[in-house]
Amino acid sequence: MIEIRARHRLGAFAIDVALEGRGPTLALFGPSGAGKTTLLNIVAGLTRPQEGRVVVDGVTFLDTVAGVDLAPRLRRVGYVFQELRLFPHLRVEGNLLYGRRFARHGEPVADFDQVVELLGLRSLLTRRPARLSGGEKQRVAIGRALLADPRVLLMDEPLAALDDARRAEILSYIEKLRAAFAIPIVFVSHRLSEVERMASDIAVLDHGKIVLTQTTVAPPPRDRRETSR
Amino acid sequence: MGDEGLELSALLAPFSPQEWTAIALSLKVATVGMFVSLPFGVAIAFLLARRDFAGKSILNGIVHLPLVLPPVVTGWLLLLGFGRQGPFGRALEGCCGLVFSFRWTGAALAAGIMGFPLMVRAIRLSIESVDLRLEQAGETLGATPAMVFATITMPLAAPGVVAGMILAFARAIGEFGATITFVANIPGETQTIATALYSATQIPGGEAIAMRLTIVAVLIAFTALLAAEVLAARVSRRAMEL
């Protein structure tokens with residue numbers, strides 16, 4: 001369950017959004033410049049809106065009225081950036097494990113070996129990011145986000161930079177991990193086919209405003225939510 | 001033949017003990033000055049590269065002063081501040097028994113100060129070349145600002161830090177004006193390559209000594225510059241890899 005409300009003005013660009021995702025996968029869909037990435041940055045805490053409220057799985061990340069503003073490191077989002085931002089000085093293994101040492105104590109949602117198997121990273125562990133193909137980099141970035149023990153995965157155009165074959169491959173990886181781990185996903189896309197295939201909730205953005213929302217999930221009775229997770 | 005100036009045999013003769021002492025002292029003074037100033041250099045470079053605060057341009061100006069002031073002025077200011085009667089000199093002698101006047105430690109202080117602008121400049125540029133977006137990625141993965149600095153910013157800036165150290169070292173080897181003003185030119189205590197060379201040019205028949213010390217100084221400086229160049233190239237290559 002994700003709640004995002006934000007009002008933010010940056011020069012000529014303004015964002016004014018209120019949306020809720022009930023299901024496991026929320027898609028932010030719209031043309032480039034619609035404010036999709038800004039919205040992800042607001043959830044991650046990298047952009048602070050002038051007014052807003054962000055609640056993920058019962059944890060308030062931001063509430064400008066109540067004066068709550070968690071630092072990005074305390075929000076525990078697994079952010080797969082559009083430009084990936086792999087650490088060039090670390091090998092694949094170092095990238096994957098980076099968030100691990102800061103993770104919450106207790107049982108992590110994702111186990112290292114399980115993630116490595118799932119994303120097919122075993123043979124890449126000793127390589128540097130500069131020596132990976134686009135699809136490989138994408139998988140490492142997803143693995144790194146997943147292994148930081150996140151409350152939510154944020155994916156900014158996870159498929160945009162890939163050719164059709166790679167795109168189908170990464171898409172199936174994302175579907176696998178969605179089945180394997182109970183981590184909600186918010187992803188940004190400008191392709192309808194991806195959105196239709198992956199999303200349980202869809203918000204269509206244009207010029208910083210929501211023009212349409214759609215959900216495949218009926219509002220669940222409160223008492224059944226616990227058992228279904 | 002003897003009065004035709006420099007003779008090859010004189011150039012190739014082994015270094016005298018006094019020359020060796022000056023070379024060794026130069027290396028010691030430059031090394032100590034460089035390493036002691038390094039933590040300050042990194043801290044100030046980080047502030048200048050990544051933080052906005054009141055008085056930033058004043059701090060930047062003070063850091064660069066030794067580069068533009070006549071070195072004799074810097075030496076004189078050091079004497080006023082860090083001499084035995086100076087406020088800092090007296091405090092440091094009182095708390096840690098550290099004396100600068102006419103000691104090699106003073107030469108190291110002068111060397112560190114004179115190399116400081118070059119060091120800060122190189123480190124600042126390399127920190128600025130580290131992509132902020134990588135630091136943000138570290139933050140979203142749970143790293144504290146200190147951990148981001150230690151595990152992302154510093155490793156990526158490392159070649160620039162080393163280049164800054166080398167430049168500061170090379171500058172320290174060549175330091176003359178501030179050193180001779182602050183700690184004089186005492187063989188075995190404060191006489192470095194530069195000041196020994198100066199002495200050699202003041203005595204009859206000192207040309208061979210001067211020339212040999214010159215060659216040593218050129219070799220050290222040139223090696224340092226080459227190393228700094230190679231490392232700087234590596235920084236920009238890293239930055240391209242993102």
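A nonpolar core, as I use the term, is a set of buried Ala, Val, Leu, Ile, Met, Phe, Trp, Tyr and Cys residues joined through side-chain atoms within 4.5 Å. Buried means under 20% relative accessible area, exposed over 50%, and partly exposed in between, with a 1.4 Å probe and protein chains only.

Some ground rules. This is a predicted model, where local features need pLDDT of at least 70 and side-chain atom pairs count only at pLDDT 80 or more, while totals for chains, interfaces and linings use all residues. Residues are numbered from 1 along each chain as its sequence is written, chains are lettered from A and ligands numbered from 1 in the order in which they are written, and side-chain values use heavy atoms, with hydrogens and water left out.

Now the cores. The largest nonpolar core has 84 residues, and A:L28, A:L39 and A:L154 touch the most other members. α2(B) gives the most to this core, 13 residues. There is a second, separate core of 41 residues, and A:L119, A:L153, A:M155 and A:L177 are among them. As background, nonpolar side chains in soluble globular proteins tend to be buried together.

Let me stay with A:L39. Contact here means heavy atoms within 4.5 Å. Setting aside neighbours within four places in sequence, A:L39 is in contact with A:I4, A:I15, A:V17, A:L19, A:L28 and A:L205.

Next, chain B as a whole. Helices (H or I, at least four residues) and strands (E, at least two) are DSSP runs, numbered from the N terminus. Chain B has 11 helices and 0 strands. Its C-alpha atoms fill a box of roughly 75 × 45 × 30 Å along the principal axes. Of its 242 residues, 44% count as buried. Take the contacts in chain B with a separation of 6 or more: residues 24 or more positions apart account for 72% of them.

I work on a 1 Å grid over the protein atoms alone. A cavity is a set of points where a 1.4 Å probe fits but cannot get out. A pocket is an open set with protein on both sides within 12 Å along at least five of seven lines. Lining residues have an atom within 4 Å of a point. Grid points are joined across faces, edges and corners, and a volume is the space filled by probe spheres set on the points.

How much space lies in the largest pocket? About 740 Å³. Its lining has 25 residues, and the closest to its centre are B:L78, B:F82, B:L109, B:G112 and B:I113. Four helices of chain B each supply at least two lining residues: α2 (17-50), α3 (56-68), α4 (71-82) and α6 (104-128). The largest share, 7 residues, comes from α6(B).

For classes, Ala, Val, Leu, Ile, Met, Phe, Trp, Tyr, Cys and Pro count as nonpolar, Asp, Glu, Lys and Arg as charged, and the others, Gly among them, as polar. The lining of the largest pocket then has 19 nonpolar, 6 polar and no charged residues.

The whole structure has 1 cavity of 30 Å³ or more. About 40 Å³ of space lies in the largest cavity. Residues lining it include B:S26, B:A107, B:E175 and B:T192. α2, α6 and α8 (145-174) of chain B each give two or more residues to that lining. By class, the lining of the largest cavity divides into 5 nonpolar, 3 polar and 1 charged.

Now the sulfurs. A disulfide is a pair of cysteine sulfur atoms within 2.5 Å. The search finds 1 over all chains. It joins B:C95 to B:C96, S to S 2.3 Å. The link is left-handed, with -50° about the S-S bond. Buried or exposed, B:C95? Exposed, at a relative accessible area of 57%.

Helix α5 (residues 87-96) of chain B is hardly covered, with 1 buried residue among its 10. After α5(B) comes B:G97, whose phi is positive, near 65°.

Last, some buried sites in chain A. A:V195 sits in helix α7 (residues 192-198) and is buried at 1%. Beyond four places in sequence, A:V195 is in contact with A:A27, A:F29, A:F187, A:S189 and A:I202. A:E194 is also in helix α7 of chain A and is buried at 2%. A:E194 touches A:L159, A:R167, A:F187 and A:S189, again leaving out residues up to four places away.

A:R75 is in helix α2 (residues 72-75) of chain A and counts as buried, at 1% relative accessibility. Its contacts beyond four places in sequence include A:D69 and A:R151.
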